[in-house]
Amino acid sequence: MLATLARTATRRPLTVILMWVLFLLLGFGLGTGVFSRLSDNVPEVPGTESERAAQHLDGVDPTGDSITGVVEGVAVTDPALRTQVERAVADVRDIAGVAAVPDPYATRGLIAEDGQALLVSVTLQGGLDDEDEEAAVDAAAARIHEIDAPEVHVSGGSLLGTQLGERAQEDVRNAELISLPVVLALLLVIFGGLRAAGLPLMVAVSGIAGAFLALFGFSQFTDISVYAIQVTTMLGLGLAVDYALLMVVRFREERRHTTDVVEAVHRTVEQAGRTVLFSGLTVAVSLTGLLVFPSIFLRSMGLAVAAVVVIDMLAALTLLPALLTKFGGKIAPAKERPEGEEGRLFARLARFAARRRIAVVAVVVPVLLVLALPVTGMRINIGGADQLPSSTEARQLYDTVDAHFPPGTGVSPITVVLKPGTDPATADEIRALSPAAETRELPGGTTVMELQPPGSVDGDAATDLVKQVRDLRGDEPVEVTGVAARLVDFRDMLSDRAPWAAVTVLAGIFALLFAFTGSVLIPLRTILTTLLSLGAALGVVVWVFQDGHLAGLLGSQELGALSLTAPPLIVAIAFGLAMDYELFILARMREARQQTGDDQEAVVTGLRRSGRVVTCAALLLAVVFGAFMTGGFSPILQIGLGLTLAVLIDATVVRMLLVPATMALLGRYAWWAPKPLRRAHDRFGLSEEAAPKQPTYAGERV
């Protein structure tokens, strides 16, 4: 298969390049339309009680979503301001699709006690289609913004999703402006030439276009989270650079042995291409664990990110060979170095770790476990506008309300839906749980009771109140929805499905690593060491963002919990990236073992030949993730820090020390497999070269 791809790319390079140019135009043209289709409805999980209740309300409640405006900077008693506000309220009431706009001066709770701010609450009609709702929201927000005051901010509802989408687009653009020049500069240092350095960047741009196009395609069938843009773009850019770096380094090595560019391209695809193929598959399989969860957000993220990984892989296996065929003759071969000089530092590390294998394991493993300890106290919540950068309008509205109004103002209530037939005594008991409960009757006999939780919308008090209502209702036709209820259901969904997701991912990774190595012990060792680095990275994220240590250095603060988007995405993506570097190293170890038959020396040679590539790839990926952390959006900061740490810990401590130490501990048994599995691998395992003769292990017969 890889040989066929290489022949196609070298025979018709211009055709392949033109096809990718069309793909780029499509991605940066049509694909960027996804920015207008983003959703902030992360915690929705189909089939849960909170979602069923919300759908029931959509069918019977004549009122719909709402947006909120805040006016600050002028005393609310100022006659000119009052006239402007009253005119604005009257005008917004006349907008098609608006159901109600209470007069702030006549409604309790809409005027700040200090008299320096007021709220304008706009409730939309229920049942509006997307176009009519967008028109109503835009018109209402524009009219409120016309109020002449030092500070006027409007957000909430569908408007919040629009604002987040605009912020996401800005963050992606800024991250690209920061990361691409830095990546190019580092590639110039690595390769020492513009042509060789430019090729990985061209593949990286293809990855970005692929991210946009994949997300736009999925947005036609499902909601795409606002977080998806940054996550898929950063991963698409980083992996594209990784794969292209591996291929170009191998091409320059092959050029030392042949002056025929086409032959060098064939050898590169047959050798390094196999690693890229398996790497792409392992990263994609790592993301399939997200498909086990019924959450639309997690499933759409898993599909979108996996699609981007596949696009990066295809670009490295088709576009890059075509570019090398056309321009590779002008790329200098890798410099010849005296025997033993190439990768000398990494060889020394490998020999040290192999000689001191017990000491290395005894030191590294406890250190990683200590770093992972904070994970045991990890909490997740939905988060609010406090997680947004201070420059966003939603955050400015949040800060203004927090400064002038009592705690809990603007917090979404817990919505209790009492369907026809509910015992009045049960309704009274539920109402008694909240002193400020409000009740309204809907057509068809449904009663809606709104309980105002103390504290934040996703705090312990709010989620405990949801559980109290559900415990109290018994068998009555009562359902609970709202933000806090969705958080409770999301947490339950994660705890119920996480074991199945883990089994799915680990089984898939084990199968792929076995197909790659022919060993059953290497996959087990790889999974265990990867879990150590992943746990350490996630532990630091908890320590920084949940507990507040050094969070200010990253432009954040103590949040008391991680965003519910961060842990599953960090785990899924970081696990795949760790497999990426593991395969880079195993491929070289496997080659050396096939050439010499010496298991111990193969570990040293493998690290000698792959250490520089792995280190450079990790550095470039860290630059990409770091650039996306400049946006200030807390969930992206959490994901970016987690992935950066996971990559750096895995590519240094784990791959340079723990891998050679554990391989030395396993010795010749590292590549062992039971005879039936070995025969299956020899027959069906993906390989571009003849399978070498396998050594005989103690207790086996040939």
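Mentor: Keep in mind that this model is predicted.

Trainee: How many bridges join E8 to strand E11, and in which sense do they run?

Mentor: Four bridges join them, and the strands run antiparallel. E11 spans residues 478-481. Strand E10 (residues 447-451) also runs antiparallel to E8, through five bridges. There, Leu418 is set opposite Thr447.

Trainee: Why is E8 largely enclosed by the rest of the structure?

Mentor: Buried means under 20% relative accessible area. Five of the five residues in E8 (residues 414-418) are buried, so the rest of the structure largely encloses this strand. Check both faces. Ile414, Val416 and Leu418 are buried on one side, Thr415 and Val417 on the other.

Trainee: What about strand E5?

Mentor: Four of the five residues of E5 (residues 151-155) are buried, so E5 is also largely enclosed. E5 pairs with strand E2 (residues 63-72) in the antiparallel sense, over five bridges. Val154 in E5 is the bridge partner of Gly69.

Trainee: Which residues touch the most other members of the largest nonpolar core?

Mentor: In soluble globular proteins, nonpolar side chains tend to be buried together. Here the largest nonpolar core has 164 residues, and Phe191, Leu245, Leu287 and Tyr581 touch the most other members. Beyond four places in sequence, the contacts of Leu245 include Leu187, Phe191, Pro200, Val613 and Leu620. Another core, of 26 residues, lies apart; Leu81 and Val152 are among them.

Trainee: Where is a nonpolar surface patch?

Mentor: Val21, Leu22 and Leu25 make one of about 300 Å². Val21 sits in helix H2 (residues 13-29). Val21 is partly exposed, at 36% relative accessible area.

Definitions and conventions
Residues numbered from 1 in each chain as written. Predicted model: local features only at pLDDT ≥ 70, side-chain atom pairs only at ≥ 80, totals over all residues. Heavy atoms only, no water. Core = buried A, V, L, I, M, F, W, Y, C linked by side-chain atoms within 4.5 Å. Buried < 20%, exposed > 50% of the residue type's maximum accessible area, 1.4 Å probe, protein only. Contact = heavy atoms within 4.5 Å. Patch = residues over 30% accessible without salt bridge, like charges linked within 9 Å, V, L, I, M, F, W, Y side chains within 5 Å. Areas by Shrake-Rupley, 256 points an atom, 1.4 Å probe, with all protein chains shown as cover. Salt bridge = Lys/Arg side-chain N within 4 Å of Asp/Glu carboxyl O. Helix = DSSP H or I, 4+ residues; strand = E, 2+ residues; numbered from the N terminus. Pairing = 2+ DSSP bridges.
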